[in-house]
Amino acid sequence: MEPIIAVVLALIAYALGSAKIINEGNAALVERLGRKHRTLTPGLNFVVPLVDQVVMEDTTREQFIDIQPQNVITKDNIYLEVDAVLFWKIKNIEKSFYEIEDLQGSLKQLATTTLREIIAQNTVEETNVSRAEMDKAILDQLNSTTMDWGVEIIRLDMQRITPPESVRKSMEEERAAEIKKRALITEAEAEKEAAIKKAEGTMTSIQIIAEGLRSNPETKEILRYLVAQDYINASYRLGESSNAKVVFVDPGKSGELMKEVIAETVNTEGNGKNT
């Protein structure tokens, strides 16, 4: 009976020693007698105790590396402080273990070097304007190297690009000048449009008056009356202020016109009050 119990216990111990559970989203690498043997997938797996050894278990989910602020010089010799975040994931766990010694450290150094290299090819203005193009260039260059490490670089986000204080001040002044320029252009275009509309209205009025004069000669007297009425209204408005006023009248028409104005004024004041 005792040998049977011993065998059962041995089998149980073997089963427990050979069973390996891999969580979802992870993968493990097994070596047999010091050589790579196979990759364990999520779920229940069995290995040979004392022969097989799990040398690595890592996540295949997306990970990130925070790249600390770096001093980078641009194409126009301006120092910038740049910090970024690198997002990556393992695509081949065997390569990530056997092809590179310190995976995360190597990724960080590679991302920092590539970031400096790409920014050095652009000016300060291009760095701020073409951020998406720079991200794509960095991503392509990183993946061309990390492919041999079994790693895919998903994206590199530049969180902040901080220029020196003098450069920031100059950029703010330039943006303010650009905004003022656009406002002046908009105002000038509005004034131009208003002047065109006014000229079109004046032209239409002249055409209507000319047509009326051709069809009815008596309208000339009506026009003279309206002009005289305008002078009368203007004289009233001038008289309401205590300041001195100077009125310029056409010398050729001043005598006749002023007679009409005075006559109209006298008639109006006589109807309204004692003169």
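Helices (H or I, at least four residues) and strands (E, at least two) are DSSP runs, numbered from the N terminus. This is a predicted model, in which local features need pLDDT of at least 70, side-chain atom pairs count only at pLDDT 80 or more, and totals for chains, interfaces and linings use all residues. Residues are numbered from 1 along each chain as its sequence is written, and side-chain values use heavy atoms, with hydrogens and water left out.

**Stop 1: the β3-β2-β5 sheet**

Select β3, β2 and β5. These three strands form an open sheet in that order, with antiparallel pairing. Two strands pair if DSSP finds at least two bridges between them. Now color β3 (35-40) and β5 (52-59). Both stand at the edges with a single partner strand each, so one side of each has no neighbour in the sheet. From one strand to the next, the twist averages 25 degrees. Angles here run from 0 to 180 degrees between N-to-C directions, and axes are lines fitted to C-alpha atoms, for helices over the stretch in contact.

Zoom in on strand β2 (residues 26-32). Five antiparallel bridges join β2 to β3. Pick Ala-28: its bridge partner in β3 is Leu-40.

**Stop 2: two loop residues with positive phi**

Go to the loop between β2 and β3 and select Leu-33. Its phi is near 55 degrees, a positive value in a residue other than glycine. Is Leu-33 buried or exposed? Leu-33 is exposed, with a relative accessible area of 70%. The cut-offs are under 20% for buried, over 50% for exposed and in between for partly exposed (1.4 Å probe, protein chains only).

Next, select Asn-77, in the loop between β6 (63-73) and β7 (79-90). Asn-77 also has a positive phi, about 60 degrees, although it is not a glycine. Its relative accessible area is 60%, so Asn-77 is exposed.

**Stop 3: the β6-β7-β8 sheet**

Select β6, β7 and β8. They make an open sheet of three strands in that order, with antiparallel pairing. β6 and β8 (151-162) are the edge strands, each pairing on one side only. The twist here averages 20 degrees from one strand to the next.

β6 and β7 pair in the antiparallel sense over nine bridges. Asn-71 stands opposite Glu-81 in β7.

**Stop 4: helices over the sheet**

Helix α3 lies across β6, β7 and β8, running at about 35 degrees to β6. Helix α5 lies across β7 and β8, at about 145 degrees to β8.

How far apart are the axes of α3 and α5? α3 (residues 103-119) and α5 (residues 131-146) pack with their axes 10 Å apart, at an angle of about 140 degrees. That makes α3 oblique to α5. Angles under 35 degrees count as roughly parallel, over 145 as roughly antiparallel, 65 to 115 as roughly perpendicular and the rest as oblique.

Show side chains. On α3, the contact residues include Leu-107, Leu-110, Thr-114 and Ile-118. On α5, Met-134, Ala-137, Ile-138 and Gln-141 are among them. Contact means heavy atoms within 4.5 Å.

**Stop 5: Ser-96**

Finish in helix α2 (residues 93-98), where Ser-96 is found. Ser-96 is buried, with a relative accessible area of 5%. Which residues touch Ser-96, leaving aside its neighbours within four places in sequence? Select Met-56, Ile-90, Leu-103 and Trp-149: these are in contact with Ser-96.
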